[in-house]
Every structure is written in C-alpha cells, then in structure tokens.
Amino acid sequence: MGQLDDYRLMARIRRFEERLTALKDAGEIPGSIHLCNGQEAIPVGACRALRDGDHVTATYRGHGWAIARGVDLTGLFAEMMGRDSALCGGRAASPYLSDPGRWFVGENSIVGAGVPIATGAALTAQRTGSGAVSVVSIGDGAMNQGNVHEALNLAAVLDLPLVLVVENNVYSEMSRISDMVRVRQLAERAAGYGLPGRVVDGNDPDAVAEAVTEAVDRAREGSGPSIVEAMTERLVGHYSGDAQHYRPAGEIAAARQREPLARIRQAADADLAARLDAIDAEVSAEIETAVTAARAVPHPDPATAEEHVYV
Amino acid sequence: MSESLRYIQAVNAALTWALDSRTDTIYFGEDVALPGGPFGATKGLHKRFGSERIFDTPISETGFLGMALGAAMTGLRPIAEIMYADFSFVAMDQIVNQIATIHYSSAGRWKAPLVIRMQQGYSPGACAQHSHSPEAYFAHTAGLRVALPATPDDAYQMLRTAVVSDDPVVVAEARMLYPTRGQVRTDAPVEPVGGARVVRPGTDVTVVAWSRMVSAALDAAGTLAEEGIDVEVVDLRWLNPLDFDTVATSVSRTGRLVVAHEANLTGGFGAEIAARAAAECFTDLRAPIARVAAPDVPMPAAPALQAVVVPEAATVADAVRRTVRA
C-alpha cells in the first residue's frame, strides 16, 4: 500500500470519529466514547502486516483498529447508535464491540483485559497450526495492569504468535504515564519477559508497519511474541466528556502539527494536495452514506433483551 | 457398564474421555501436566495426550483464564483448572467481565465453550484462603453455567456435560469428596446441562442440598428416620440452569423446606432457593423455610473452630427437627 492508501484509511478513521462526535452532540449516540484522533497511523500501519485469519484485539479506544481491519462502517455507526447492528445487535456499543467475520476479537472496557484473550487466540493459532498471528493493542496505562503481565509471561513461555502493540499517547487515562512508571520507554519491559521490544514513531504508518511486520514474521515462524511501542499523541480527551484541564496550554496545538494526517499534508506539493482533497471528499461521502444507512437500522426489539445469554 | 471409582478417579476418567473424544479439547492449569495435579485429577493424562493437549501454566489465573476464553472464541475447547476455588477470585475479571459476557455482547456471534474446573470447600486444617465455597458468586453471574457434582458418577457425567456444552461452565468439585467411592456409569450417554435429582424420597420435609452437603443430608435423613421423620433429599446438582421444578414438586408433597450448603449464610445460594420457594410454593408450605449454612465468618484452620463453623449432618438434622416441630 502506498501513501495515498494510508492517507485514505487514516482519513476514514478520522472522519468516522469526527462524525461520531457530531452524532453524540446531536443526541444520537448514548454513553461515552473514547476516540483515537491522532493515533490513526498505528492501526493503519499495523494492519498492513496482517492477512485474513489473523486476529486483532483492541482497547476501548479501538475504532481505528476496527476500521483498519475492515469492519463495516454502517455496522459500526449502528452499533454505537444503540441499534440492532449486524456487529453486536446493540449490546456492545463503542467500548466493547467486536466482529468475528473480520477476525476482530474486539474492544474491551477493562484496561488490559484483552491481552490474555489475545493470548488465547494465539494459542489456537499455534495448536491448530493455522499460521495465523494474534495482534493486541493496549494503551500505555495498561502496561501497569497485572493481566498484561500475566499474559505476556504466559505467551513468552509458550512461544505464542502474539504481537503486543502499545499505543503510548502520553496519557494513562487522565494522568501522565511518566508519573506512573519508572522506565523511560515501556518497551524496556520486554526484556523482563525475555522478549524483543521496539519503540517506533507511532505517527508514521511506514515505521509502524515495518516494526509490526518484523514482529508478525517472527511470530509466524514460531519464534514467539514481541512488543512494539508506538509513540503518539492524543488530539482529544480520554473520553467524550473530558475537558482536559490537566493538559498544558499549547500541547494539543503542537500535537496537531505532528499528527499523521497533517504530516502528509505538510509535505505535499500542489498535485498531491489536490489528490488528498479528492480523497477527503470521497471519504466524507462514504461516511455520510454509512450514517444514513445506520439511521435506517431499527432499534433492537426489546423482547430480545434476554436473548444470547446462553447458547 | 459401570465401574467402582473414587470421585477423583471419576474426574480423571471424564477428562480422559474429553481429550480422547474431541481433538479440539485442551487442558491447562498449574501443575496439571508432569505433576498430574495436586490431587491426582490429571494423573497420566500428560503421558497419554502430550504437551500439545495438556500443559502447565505459570501461576497466573487471570492470564490463563483469559487465554482459555480467547482459545474458546477462536476454535478450541479449553478446560482450565483453578487449583483451589479460592484462587478464582484473583481472576474474577476474566470470569465475570469477559468469559460470561462475550456471547451476549456479540449478540451470539462469539461463543465461549470452555470449562473452568476447580475444587472447593473446607478440609481439616485448611485456612480461610483454601476453604471458600464460592458457588454463589458464579451463580450470580449471568452467562455462566454452574455445576457441583456430589457423587463419583456425577463427577464423571457432569464434567463430560460441561465439556460438551457450548456455554462456559464452572465445575466446582468438593475436595472432601475426592476419596469417596461409588459406581460410575462409564458408558452412559452424555447428559444435557441441568437437572436436579431426588436422591432419597420422603414425605415429611424436603432438604435441598448440593456438593458435600448432599451426603450430609442423606446421613441426617438416616438419623431422622429412626426418629420417625421421613426426609426427602434433593441434590440440586446444577445451580445454573436451576431446576426449580424438582424443588417445587418435592415441596408440594412434603410442605416443608430446608436448604443446606457449606458456604456462608448471607447471600448464599440457599437464599435464592428460599426466595423462590416463598414466591412459588407459598401455599404448599406448612412451616418457615430453614437454611443450613456456615456462619458469616472466614474459615478458621483449627479443628476445634472448624467443628462449630462447618455444617455437617447433625446441623442439617437440627434444622429439620426445628422445621418439623414448627
């Protein structure tokens, strides 16, 4: 995939979330949502390394991963609108959605809890000899959760085909990660599990793709898990209602100069800028089509509220 | 065909059956492979099925229960062993938030066909962190099936049922029952999930029990028969799905109900049975419902203290006498 493809996919994620914010403001989406604005290069770069059958597990900030994995946009909007979506039937909403059809094990509202589950997907791949890998993303704050530690050690001793992508966006929810750990880079912890760990520029899809491909190749050939720490910045709050009083003045404005879409724009000549404009227009139209289609999805039948507890 | 087996041997036989009959079944937990399990439940399985099918995990219940879920979602049928039920508490996020919810939250698109096997209850000298009876926590959680086999035959049949089920099942055995011996129907067809059983018919009072308290209830019934009190004993077997019909039918005959469990009284599953009976059997009841349970204290280790905390046959018999004389 080239730069234009990356741009299109990152723009799709950005525009999706901007539209989501507008829908929330208009009262069409209940509950809080956690946006990945500014972090789009990580799922886009990482998913370049994947093929059909590779499972992806994300955090509650996982819209970008779902979209990069090819989950249907209408389904995503409908699920977040609380409608009877083809994804989760209105039972999961933004922070817990999944799609087995796209090998998207899903998001998770419990910080770090997806890592043990992703380890299980890696176990299936190993024991069935499918050749698949399991990629799991977490935020920087999740590195302090016990479940992540347990799963990494487990994956390491079993040589499972697992790739952990740490999206370090500086903030552990609403507190600076530098106040929460005594290591300079979270990838340094990889050594504690006997695993390789790398730090990459998470605002550069090529850098992410190169590092994740190396980790995925290693996993596929049976050499076990890896950790990739992708450095990025959050352009928005922890959740939709976060006023971000804890962030220093000018921080977000500066981040806007470094975010992945702006970078491509800044380096573009007139010809490329025109092509990017065209992509933006196409993406906007695509998103509006999905919103319209999602609005046509009915709300779940209240009579089904107790269905699917058991098989 | 039936064989005389100890309870723990019946568990081993059920696991052998599961690993033999389904190649997608894997078994893991702490010290289950080479060591054969702390109670011998998995003795010989590693030698027979190899490290691909049965393997030891690090001491990390959250990690390996989450791994069981991910493996179940993607095509395997894992059985994960929690050595002592008390250790399940360190993994409650994976059990309650993850394993129990994924089928519902995906509107049925993911399944979690896994078994969490554990043993629970007191044993002489065991401290408060090796004696819990946590069945009510699991039965309280929508999405989990909960099985508590009380006999060697049920240890065999119910574990096989759990393995075949497409829902996540917690199988909680009673450690104190492991040495007990009984006939096990090794060639019986696999039973469906659920179903209580009248294990002793009687006319004067219904005692509903499960796990170790079933044998305590039967012992009490023997003593009470000599006193002219005819006790019906119902082994609930599964707390989820709850077969309340068998309880209600029994109470409609006897008019009296005693519920007996080893777990602490407050919020125990006995409260659920009592509440259901009060709502659904009100006109059949001739006496207040009685509950037999441990008092609300953590389990002491000293035998002299355990003797007054752990409910036994005599505790059940006392409750029945009070109920019949009420």
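## Close-ups of a two-chain predicted model

**View 1. A107(B) sits in a loop of chain B.** You'll find A107(B) in the loop that links helix 5 and strand 5 of chain B. Keep in mind that this is a predicted model.

**View 2. E173(A) is a residue in chain A with a positive phi.** Over in chain A, E173(A) has a phi of about 55°, and E173(A) isn't a glycine either. Look for E173(A) in the loop between strand 5 (171–172) and strand 6 (175–176) of chain A. Is E173(A) buried, partly exposed or exposed? Its relative accessibility is 38%, so E173(A) counts as partly exposed. To be called buried, a residue has to be under 20%, and to be called exposed, over 50%.

View 3. P241(B) itself belongs to the loop between strand 12 (238–240) and helix 9 (244–254) of chain B.

**View 4. Y104(B) touches residues of chain A.** Y104(B) is part of helix 5 (residues 102–105) of chain B. Which residues does Y104(B) touch, once you skip those up to four places away in sequence? The list is R91(A), A305(A), E307(A), H308(A) and V309(A). With a relative accessibility of 25%, Y104(B) counts as partly exposed, so don't file it under buried. Within chain B, Y104(B) and A142(B) are 38 residues apart along the chain, and their C-alpha atoms are separated by 9.5 Å.

**View 5. Helix 4 of chain B has buried residues that pack against both chains.** Helix 4 of chain B spans residues 92–99, and the buried residues in it include M92(B), Q94(B), I95(B), Q98(B) and I99(B). What do the buried residues of this helix pack against? In chain A, the partner is helix 5 (114–128). In chain B, the partners are helix 3, helix 5, strand 5 (115–120) and helix 6 (135–139).

**View 6. N203(A) is a buried loop residue.** Here we're in the loop between strand 7 (197–201) and helix 7 (205–220) of chain A, where N203(A) is found. The relative accessibility of N203(A) is 5%, so it counts as buried. Leaving out residues up to four places away in sequence, N203(A) touches G38(A), A41(A), M231(A), T232(A), E233(A), R258(A), E259(A), P260(A) and R263(A). For a sense of distance, take I138(A), which is 65 residues from N203(A) along the chain: the two C-alpha atoms are separated by 16 Å.

**View 7. Chain A, zoomed out, has ten helices and eight strands.** The C-alpha trace of chain A spans about 55 × 50 × 40 Å along its principal axes. Chain A has a radius of gyration of 19 Å, which agrees with the value near 19 Å for a compact globule of 311 residues. Buried residues make up 56% of those 311 residues.

**View 8. Chain B, zoomed out, has twelve helices and 14 strands.** Its C-alpha trace spans about 60 × 45 × 40 Å along the principal axes. A compact globule of 326 residues would have a radius of gyration near 20 Å, and the 19 Å of chain B agrees with that. Buried residues account for 62% of the 326 residues in chain B. Of the contacts in chain B between residues at least 6 apart in sequence, 82% join residues at least 24 apart.

Key: Residues are numbered from 1 along each chain as its sequence is written. Chains are lettered from A and ligands numbered from 1 in the order in which they are written. This is a predicted model: local features need pLDDT of at least 70, side-chain atom pairs count only at pLDDT 80 or more; totals for chains, interfaces and linings use all residues. Side-chain values use heavy atoms; hydrogens and water are left out. Helices (H or I, at least four residues) and strands (E, at least two) are DSSP runs, numbered from the N terminus. The radius of gyration is taken over C-alpha atoms; the globule rule is 2.2 Å times the number of residues to the power 0.38. Buried means under 20% relative accessible area, exposed over 50%, partly exposed in between (1.4 Å probe, protein chains only). Contact means heavy atoms within 4.5 Å.
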